[in-house]
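I'd like to walk you through one structure, so please have the viewer open and follow along.

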Amino acid sequence: MAVVTSYMCLAVPTRVVAVNGNLATVNVQGVHTQARLDALGEPVAIGDYLLVHAGFAIRRLDPEDARETLRLFDEIFALQAEDG
Amino acid sequence: MPHTGFEMSPDPFRLRDPLRARAFADLLARWTPPRPVRIVHVCGTHEITIAQHGLRELLPDGVEVLEGPGCPVCVTSTRDLDRAVKLAESGAIVCTFGDMTRVPGTRRTLAEARAEGADVRVVLSAADAVAIARKHPDRPVVFFAVGFETTAPGTAAVLLDSPPANFSVLCTHKLIPPALSALMSTPPVHIDAFLAPGHVSTVIGARAYAEVAERFHVPIVVGGFEPLDVLYALWLALRELREGRAEVENAYPRAVTADGNRRAQELLARAFEPCDAVWRGIGTIPASGLRIREDLARWDAERRFAIEGEPGEERPPGCRCPDVLMARAVPADCPLFRTACTPLSPVGPCMVGTEGACHVWYRYGGRPKL
Ligand code: SF4
């Protein structure tokens, strides 16, 4: 799906393949594109995941947080089942 | 392009397994409030997730989810569109995001102006517009800036980065919390809770909604864009309603903090100041727009070029976009939906923007469970 060009509003997780000052080269579903780092305010390294919106990174994402969310969901399911 | 091997690895941020979705559907059913409730989101990307994955099928009877003014393309006023068209007709290179070229103003779209010789270019980023300006130093280049708090930091960044003298911005950025207030204070109001947009919240922080939640006693849950993110957020909203709470909750902590992205906020504060803004189909919302600050005035297209839009607001006859944008109707309520109005020949702005409710419903058949 050509998300990069279709939706102006969609911010997508991308992966950093190179950093050059204020500019990162990121991989979005197999396509390499540029992301500016002006609006990020935290250091970036190769391999990091970035949430990029309209060409600007707005947040670094940690895959561990996504796994954490899934664990939270499973806890909720278990708790709610007990309350049953 | 070298193959990095990454493309094939599973995306850790895809939260969409059917088993957990089912478990959430059960939870939603158990927490359904006794009376019917309407939860309003204000983000085209939420609508795409909901429609594409058929999440409305998982909602219990009596729980309705609607898209409000969540598509920046749809809420851009005809006056602003007219001004962009006039700038293009007067010889400026006008750069903007793709959908914007196809929304009609009073007389015509930017794409129509381009067909008659105007120089209108589609960009993916404010930085692309600056690059075009550098390439054409002898011509005025105007970036027609639309979008919410997610998009505005990029515009701020280029404005603060000494862009070339021939570059300017027609700034129509808009803010989400004032829009939520407007929805809650324009009767008739049938909104029980909000699903707040995840990536706008990445920038402004979950706390930014606290005032609205308190003032209108309405639950506001910040949600992400994976199907499980949306279901989780909806469950939190139902739980608040059942327990009589009206708080801000963050169902998207991997991308949103209470305070948001300070650097982006700082860019916004240095480049812009709040102003009243006209939202198409809704009207003027106080302090819901961003205007370029005085010290950056030389890059402000509005101050630089005397351009006026046509007076009044163009409203296609029969189009229910105003009701759709106010979350009072869904696209299927409009008699023109899928008949006179399709993405190939759109009648109203909600069918043009790929994030517009009518467009999303047309593409994914997002008719809710009745
Ligand atoms: S279907 Fe078309 S005419 Fe009807 S509300 Fe949507 S955009 Fe307007």
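**Around helix H2 of chain B**

Let's begin at the end of a helix: H2(B) is followed by B:Gly54, whose phi is positive, near 60°. Please keep in mind that this is a predicted model. Now look at the helix itself. Is H2(B) enclosed or open? Eight of the nine residues of H2(B) are buried, so the helix is largely enclosed by the rest of the structure. If you want to click through them, the buried ones are B:Gly44, B:Thr45, B:His46, B:Glu47, B:Ile48, B:Thr49, B:Ile50 and B:Ala51. And what covers them? The cover includes strands S1 (37-41), S2 (63-67), S7 (193-197) and S8 (220-223) of chain B, along with helices H11 and H16 (357-364) of that chain.

B:Phe24 sits in helix H1 of chain B. It counts as buried because it has 22 C-beta neighbours inside 10 Å, where the cut-off for buried is 20 or more. Leaving aside residues up to four places away in sequence, B:Phe24 touches B:Leu228, B:Leu231, B:Tyr232 and B:Trp235.

Now let's jump across the chain. B:Val158 is 134 residues from B:Phe24 in sequence, and the two C-alpha atoms are 43 Å apart in space. B:Val158 belongs to H7(B), and together with B:Gly154 and B:Thr155 it meets B:Ala126, B:Ala127 and B:Val130 of H6(B). For those of you who like geometry, the axes of H6(B) and H7(B) come within 8 Å and cross at roughly 35°. The residues of this contact divide into four nonpolar, two polar and no charged.

Staying with H6 of chain B, residues 126-135, the buried positions are B:Ala126, B:Ala127, B:Ala129, B:Val130 and B:Ala133. Seen down the axis, the buried residues of H6(B) fall within an arc of 155°, so they line one face of the helix. As a reminder, an α-helix has 3.6 residues a turn, so residues three or four places apart point the same way. The cover over that face includes S3 (93-96), S5 (141-145), H7 (152-159) and S6 (167-171) of chain B, and also strand S3 (31-36) of chain A.

That brings in chain A. S1(A), residues 12-20, and S2(A), residues 23-28, run antiparallel and are joined by five bridges. A:Ala18 stands opposite A:Thr25 in S2(A). The two strands form a hairpin with two residues between them, and A:Gly21 in the turn has a positive phi of about 60°. S2(A) then pairs with S3(A), again antiparallel, through six bridges. Here A:Val26 stands opposite A:Thr33, and A:Gln29 in the two-residue turn has a positive phi of about 45°.

How many residues does each chain bring to the contact between them? Chain B gives 42 and chain A gives 35. On the chain B side, the helices supplying at least two residues each include H1, H2, H6 and H7, while H12(B) gives the most, with four. By class, that side has 21 nonpolar, 13 polar and eight charged residues.

One last stop, the ligand. Of the 14 residues around it, B:Cys319, B:Cys334, B:Cys341, B:Gly348 and B:Cys358 come nearest. H14 (321-325) and H15 (349-352) of chain B are the elements that give two or more residues to this shell. The shell divides into 12 nonpolar, one polar and one charged.

Key: Residues numbered from 1 in each chain as written. Chains lettered and ligands numbered in written order. Predicted model: local features only at pLDDT ≥ 70, side-chain atom pairs only at ≥ 80, totals over all residues. Buried ≥ 20, exposed ≤ 12 C-beta atoms within 10 Å, placed from the backbone. Arc of directions from axis to C-beta. Contact = placed C-beta atoms within 7 Å. Nonpolar A, V, L, I, M, F, W, Y, C, P; charged D, E, K, R; others polar. Near = placed C-beta within 6 Å. Axes fitted to C-alpha atoms, helices over the stretch in contact; angles between N-to-C directions. Pairing = 2+ DSSP bridges.
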